[in-house]
Every structure is written in C-alpha cells, then in structure tokens.
Amino acid sequence: MSTLDIFFQQLANGLILGSFYSMVALGYTMVYGIIKLLNFAHGDIYMVGGFVGLITLSLLSPFLGAGWAGILVAMIISMILVGLLGVLIQRIAYVPMLSAPRLSILITALAVSMVLYNFVMSMTSGEYKAFPVDLGYEGLEFGNVFITYTQIILVSSTATLMLVLHFFISKTMYGKAMRAIAIDQDACRLMGINVKTIIAMTFFVGSALACAAGVMAGVYYGSIHFFMGFLIGLKAFTAAVIGGIGSIPGAVLGGLILGLLEAFGTQLPFIGSEWKDVFAFAILILLLLFKPTGLLGKTEIERM
Amino acid sequence: MLRKSFLVLISLSLACVLTAGSSFAAGEVKVGIMIPTTGGTATDGKDMESAIKLAVDEINASGGLLGKKIVTTTGDDACDPQQAVAAASKLISEGVVAVVGGYCSGATLPTLKLYGEANVPIVIAASNSTALVGANPGIGFMINSTGDAQADTAVALFKSAGVKSIAIVHMGEAYSEDLASIAKQKWEAAGNKVVAYEVVNKGEQDFSSLVTTIKSKRPDAVFWTAYYAEGALLIKQLKQAGYRGTIAIGDGSNSPKLIEIAGKAAEGVYCFSNPTVDYLPAAKTFAADFKAKYDVAPGPYSTLSYDGMKLLADAVKRAGSFDADAIKKALQATDNYEGIAGPISFTDKLTLARSNFVTLQVKDQKWMLHQ
C-alpha cells in the first residue's frame, strides 16, 4: 500500500467513525443548547438503543428477515421507543431539577447514566451480545482502498438523518421554537410557546438519533455490551466541544473532525493505535484551554 | 462419661491413622487427589476428581496395581495457597504413595515444597504456570503444557501454512502480552519477521486504523493473543478491510461466542486450545464412560486428570514397587506414554516434552480440529 492509499483508506475510516460521533454529538449539543445541561447519560442512551435494536430485530427477523429491510424497520421502531425513553428520563430526572443549580442537574445526569448501564449489565449479566445480522464484507475496491457496501449504506443513512434534522430545525415551526427557546426561555413562554413540550421534543429527537447510532454500531461491528456507551459518550462530548457546544452544524463537523483526527493520528510515527483515545482527549483539553467556544460556537458568558 | 467416650474416639482415630499407614499390607494402596472442591473453581475440580476416580475404577477392575486395590482420598485446595498447604499435609499424613491433581497454579505452588520434603510424587494434571517449574523439588510431573508451548504451536502452524511474516496484536494485560512477546521471540528466533506488534485498548469497538496499519505492512498472518470479544471485532474488521491472509487467535479467544459475533468473517480462522474432549479422537470411549457413570459431559481438564492417574499406575507397574524414588524414576523415564490427550514424555525440568495445544479451525461456523 502506498502512502496515498493509506491516506484514502484512513480518510474513509475516519469518516465512518466520525459519522457515529456526529450522530451522538447531535443529541449532546441539542440538549445543551436548550437547557444548558451536559447530558452525561447520552452515551448510555446510545447503548440502550443498541440493545432495543437487538431485541426488535430479533422479534422482527422471522417476518422481515435479517437483511436491510428488517434492519430499517427495527431501527425506526427502536428510535421511537428510545426517543420516548429519553422523554421519560427527562420528565422523571431532569424536569424537577430545572430550577436547581446547574451542578445538581449535572450530577443527576451522571446518576441516570449509572442506572441505565447497571440495569443493562444486570439484564445481560455483563456479556457481549452478538447482533443477529451478518452483512458479509463485499465492497468496492479502489486500488488498495477497500470500502464495504455496509459502510457506504451506513454513512449515507447518517447523512440522510442529519439532513432530515437540519430540515426539521430550520424549516418547521417546532424547529423555530427550539431555536427560540435556546435564546430566551422566558420570552418564549410569554410568546405562547409551550416550552415544556418543546424541551421534551428535543430529548426525543436527541435520544432517537443516539439510538439510530447504537443500532448502526450493532449492525456494523456485530456485538454490543453494556459499557459501550461510556467511551462514545465522552468522544461525542469531545466532538460537540470541538464544533462548539450548542451548535448543530458544529456537532456534525466536530464528530467528523474527531473521527479523522483519530484515524490519521495513529499513522504518526511512534504512535500506535492504542494511543487514539489519548489523542482525542488531548485535543479536548487543548480546545477547552485555548478555544472553549469551539469552532462554530458563539462566545457567551456562562455562570455555573 | 463424656470424657470417656472422647478418649475412646481419640484412640479409635489414632488406631485408624496407624492402620492407614500400614494398610498397604492389607491389599490396598492409597492415592491422593488434590483439587478444589469448594469455591469458584469447584466445578472444574470435581470434574477432575470424577475423571481420576473413573481411571481408578478401571485399574481396579483389571486387577489393581501390583495386586493391590487403589483407594483414593481427596484434599480440597480450594484454589487457595493456604488451603492447599493444609490439603497437602492431610494427604501426606494419610500416607498416600503419590498424588494426582493440581488445578490452580497459585494453589499448587506452595504444596510442591511439602511433597518434596515428604518425598511424595505428584502428577500435576492442569496447573501450568511457568512459576511451578522453578519451584519443583523433583517430585512434580507436569502433564499440561506451559505458556511457552502455545507459542511453539503457533510458530509450527504458521510455518506449515507457508507464512513468512506475521503481525501480532495483544491487549496490554499480563496474559495476552506474555503470549504475544513469547510468540514474537520464538518467531524471530526461527528467522522470520514480525512486521507489526500492536496493542489495542480493552473494550474498543473500532479497529479500522489498526487494520489499515496492519494491511499496509502486508503480513501473511495476524496473531491475536487476547480474548474473544475484541478478537471477534478485529477479525470482522480485518475481513471487511479486504485482508485475506491467515488469522490465528490464542486460547483466550477459544469460545463459540467468537464465531457468533464475527459470523462469516470467522470462517477459516485458527485457534489454539488445550486438549478438551471434543477434539480428541482417542477420548471417545472415555467421554462415553464418563457420561454413563456421572450423567454429565466431561469438562475441560478431565482428560488430563484421567491420563495423570493412568500414567501414575503405568509408572508404578514399571517401577514394580510403591517406593517413592522408584516411582519418580519410572515417571521420569516415561517414554511417549499413550494418553487419551496425547503422548506423554518429560523434559529434564519434568514438564511435558511436547506442546499439547491442539489447533482448531472454524469450518461452517463451528470449531473443528485442524489436522
């Protein structure tokens, strides 16, 4: 493989990894944008999404098969279910805390995270669960660069979901309300916007996207386990910060940048693939030190 | 009254101990079994005990040992060094001529000194840490291969597959790193190349960068030394990236779950395993007899335990006496004894002279013995 081949292969690797990060980062950034909460349970929503996807797929596969049709239907059903779970968590854990200091709600989010992964751990006795799909590994070969059809479908479906989200936020009344609440909640209330409903809707959309990413991860990697949300939660948080937390295009951009940085970072001399997490989090630290608003974020004065 | 009965009890038990010491004359000979029968490893321990007792029954049914009937006594080492010392002392005080067993290496280790002082030979059936080799005062005979042997088996497989260069991937913890470094050393000592020596993080899902690195170095084979969960993902992603060379994995990944997760990508993957019943053609009768007697399938170390007892009997016959030194000499002189888990001979260090690791390969989504 020539250097150019490696470059293109890592470019593809980075984009695929990055699209997972982007999907999860979107939920982070939307929730932060609207109620200034760093929802640390978001990574676990992704994990729960994977398991709900596994269950629905196992239930559906006798009727639809374990091919793409089955996966698509299972994914939509689990997105709705996990979206509702997100709303439920919000109602139970976050709504009562909205008027409390920011730190209290942050701790609540950590507690929700623990509840979720411990619940799944006890349900699965900590085992790895295999996803009942096997899409094979046929693909396109450009010289030495190899991209499977699964990867192509995966990246295009994340792109589609992001476009739908973009349309929802910028073109619908609900999206407009979301953006308005992010700017000034009290003014929105005075204007007759049902703030509670819109916040719940934000959680629904964010959780559904994380669930989609979880199901895709299960389909793509082939196995899921109770702890898989932890690392991706931190990575998605990093991605959201890179892009500028609270900014939706920023989350997508941040996710892709992080994916690419990880892929290319491991190609540096003397840095093996075991260093890729160090790479990601070193960038988070540097960014928080020197440009805490991220690439597309706005400067605002925040009192914690 | 109470004191009197107590005294009677004491004298009775004393008499028992004394007669136990001299019971050889009465047409019986005592062999000790040291295994864990309590604690987290009790299942495997009891399984070993059952296998040893099965061997004893067979020997007794065919006339016993030098005309004497074998009786066994079990010491529970609980996979714990302190308990093991107590168990060994108990066996020694009961006057056993030899011991078969040893499951947890950590528990077997401190007992070697006791057996050495009492001059009681022990056939170590399962324990296989290299630490036992140095601590052995010349009485422990290890019939399970040590960690080095797996690397030998791996090197032999790669050679026979015509592999010239390999990539080794481990997970950075003691077990897999150890195997990886031994394999690297042996492979290079055989004059071959290790083109990539990589580490992954536990719990990692995406190995695409690593896979690209490996692919760019064009190894003929990839050797994964850690466990099945990450191993399955690595195999899948190697195949997805278009890697079509040989893939081999260490015994830590020997699990049906690996095939379940990796799916079609697992096809053709090699794995090294201890000789378990499923892969030993010679153990078919043993497995059937075991099932008939205990109504459960024999477990992972049952074949080695069975072989251990049979080997001991064979050595006693060759020695022609129950004298410890004679038995030790006969054991050491063992020349390719045909056990159901394979032939047994010993090195100068009293370890198994060959690697007893078998090579498996995935065929039609199942582990099959590779010939």
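Visitor: What separates the centres of domain 1 of chain B and domain 2 of chain B, taken over C-alpha atoms?

Guide: The separation of the two centres is 37 Å. Domain 1 of chain B covers 2-145 + 281-344 and domain 2 covers 148-273, with bounds from an automatic or database domain assignment. This is a predicted model, in which local features need pLDDT of at least 70 and side-chain atom pairs count only at pLDDT 80 or more, while totals for chains, interfaces and linings use all residues. Residues are numbered from 1 along each chain as its sequence is written, and chains are lettered from A and ligands numbered from 1 in the order in which they are written.

Visitor: Why is H3(A) called oblique to H8(A)?

Guide: Helix H3 (residues 68-94) and helix H8 (residues 195-221) of chain A pack at about 140°, with axes 7 Å apart. Angles under 35 degrees count as roughly parallel, over 145 as roughly antiparallel, 65 to 115 as roughly perpendicular and the rest as oblique, so H3(A) is oblique to H8(A). Their crossing is right-handed.

Visitor: Which residues of H3(A) and H8(A) meet?

Guide: Contact requires C-beta atoms, placed from the backbone, within 7 Å. Among them are A:Ile71 and A:Gln90 in H3(A), and A:Ala200 and A:Val219 in H8(A). By class, this contact has 15 nonpolar, 6 polar and no charged residues.

Visitor: How many residues of chain A are in contact with chain B?

Guide: 30 residues of chain A are in contact with 30 residues of chain B. H1(A) gives the most to the chain A side, with 6 residues.

Terms used
Axes fitted to C-alpha atoms, helices over the stretch in contact; angles between N-to-C directions. Helix = DSSP H or I, 4+ residues; strand = E, 2+ residues; numbered from the N terminus. Left-handed = near helix turned anticlockwise from the far one by under 90°. Contact = placed C-beta atoms within 7 Å. Nonpolar A, V, L, I, M, F, W, Y, C, P; charged D, E, K, R; others polar.
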